[in-house]
Amino acid sequence: MGLELGKIMIKRFADCEIYVQLQESVRGCDVYLVQPTCPPANENLMELLIMIDACRRASAKNITAVVPYFGYARADRKTQGRESIAAKLVANLITEAGADRVLACDLHSGQSMGYFDIPVDHVPGQPVILDYLASKTICSDDLVVVSPDVGGVARARAFAKKLSDAPLAIVDKRRHGHNVAEVMNLIGDVRGKVAVMVDDMIDTAGTIAKGAALLHQEGAREVYACTTHAVFSPPAIERLSSGLFQEVIITNTIPVAEQNYFPQLTILSVANLLGETIWRVHDDCAGGFEPYSNLGID
C-alpha cells in the first residue's frame, strides 16, 4: 500500500496481562488493525480486542479489524446439545470492543458474516492460488478439482469453474470425533488426472492426507493441496511431507514458523489482495475490475 506501519507498543505484564499503547495520534483517522486470530488464538484475539479499545479511546474516526484468519469460525453452530456457538461470541466481542467494520479472508462458513452487527467484507483467497496455478504448465484437460469432504463442495465447484471449468470429484468421509477423519469413498473419476484438492484450512491434515491417499489408490497421477489458512497443528507437517502431495500451496494469512517448512510447501502472499481491498473500502469503491474482480465487495 506504500504506507508506513503504525507505531504501537504491545507488552505483557508479569501476570501475562496484555498492555497496549498507541505511539502516535489516530484522532480522526481511519484505522486498520491487521491481526489474524491464529494460534495462540486466545492471546491474539485478546490482543486485537485491546487494540480496538485503545483506538476507540484515542478518538479514531473508523476502526476496521482486518482478520486474515478468523479463529473460532468452525464453532458456527450447535451440532450437539449444550454446546457454545463461539463464532457468534467472538463476533460480539469484536463489535462491542468498538470495531466499525471487519475484513476477513475465507471464513469457514458464509453464515458467520451474519453474526456481526457491523459491515463485513469477506475476501476469498482463491484469486491468489488461481493465479499461481495458472502460471504452472498443467494441461487443463488433465485437471480435476477435488473437495476433501461433502461440506466443501460449493467452494470446490467455484474453484473448478475458475480453473478452466475443470471437472469435480468429492471425497466422502465420516468423522468420528474432533480432528479425527475417516475416508470412505470417492465420487468422481481421477484416474490419470492431476488432482487439485481445495479446502479453506488445513489443521491436523487428517482429512486432506487420507483423501490424497485415496486419490492415489484411484489412479491420480499427481495430487496438489490448496488451502488459504495453514493452521498446521501437529502432526500436520509429517502428514503433508510424507510424499502424498506433489505440492502444498498455502497463503500467509497465518504465519508459518520456519521449522514447519518442508520441500513441497509453497507460500503465497495475500498482501496485495488485502491491500487492494483496504484501499477500496477506504475510498468507498466497489469491487468489479481486474485483477480482483471477484472480491465480492459492494
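These notebook entries record what I looked up in a predicted model.

**Basis.** I number residues from 1 along each chain as its sequence is written. In this predicted model, local features need pLDDT of at least 70 and side-chain atom pairs pLDDT 80 or more, while totals for chains, interfaces and linings use all residues; side-chain values use heavy atoms, with hydrogens and water left out.

**Salt bridges.** I searched the whole structure for salt bridges (a side-chain nitrogen of Lys or Arg within 4 Å of a carboxyl oxygen of Asp or Glu) and found twelve. I take helices (H or I, at least four residues) and strands (E, at least two) as DSSP runs numbered from the N terminus. An α-helix has 3.6 residues a turn, so residues three or four places apart point the same way.

For accessibility I use buried for under 20% relative accessible area, exposed for over 50% and partly exposed in between (1.4 Å probe, protein chains only). Asp53 is partly exposed at 22%, as is Arg56 at 39%, whereas Arg57 is exposed at 61%.

I then turned to Lys136 and Glu247, whose closest N and O atoms are 3.1 Å apart. Lys136 sits in the loop between helix H3 (126-134) and strand S7 (143-147) and Glu247 in strand S12 (residues 247-251), so this pair ties together parts 111 residues apart in sequence. Lys136 is partly exposed at 24%; Glu247 is buried at 8%. I also noted that salt bridges with shared partners join Arg12, Glu43 and Glu47 into one network.

**Helix H4.** In H4 (residues 153-162) I found Val153, Ala156, Phe159 and Ala160 buried. Seen down the helix axis, these buried residues fall within an arc of 125° (taken from the directions from the axis to the C-beta atoms), so they line one face of H4. Ala154 and Lys161 are exposed on the other side. Just after H4, I noted a positive phi of about 55° at Ser164.

**Aromatic pairs.** I paired rings of Phe, Tyr and Trp (its six-membered ring) with centres within 6.5 Å, planes under 30 degrees apart being stacked, over 60 edge-to-face and the rest tilted. The count is two pairs. Phe13 and Tyr19 form an edge-to-face pair, 5.8 Å centre to centre with 70° between the planes. Phe13 is partly exposed at 39%, and Tyr19 is partly exposed at 27%.
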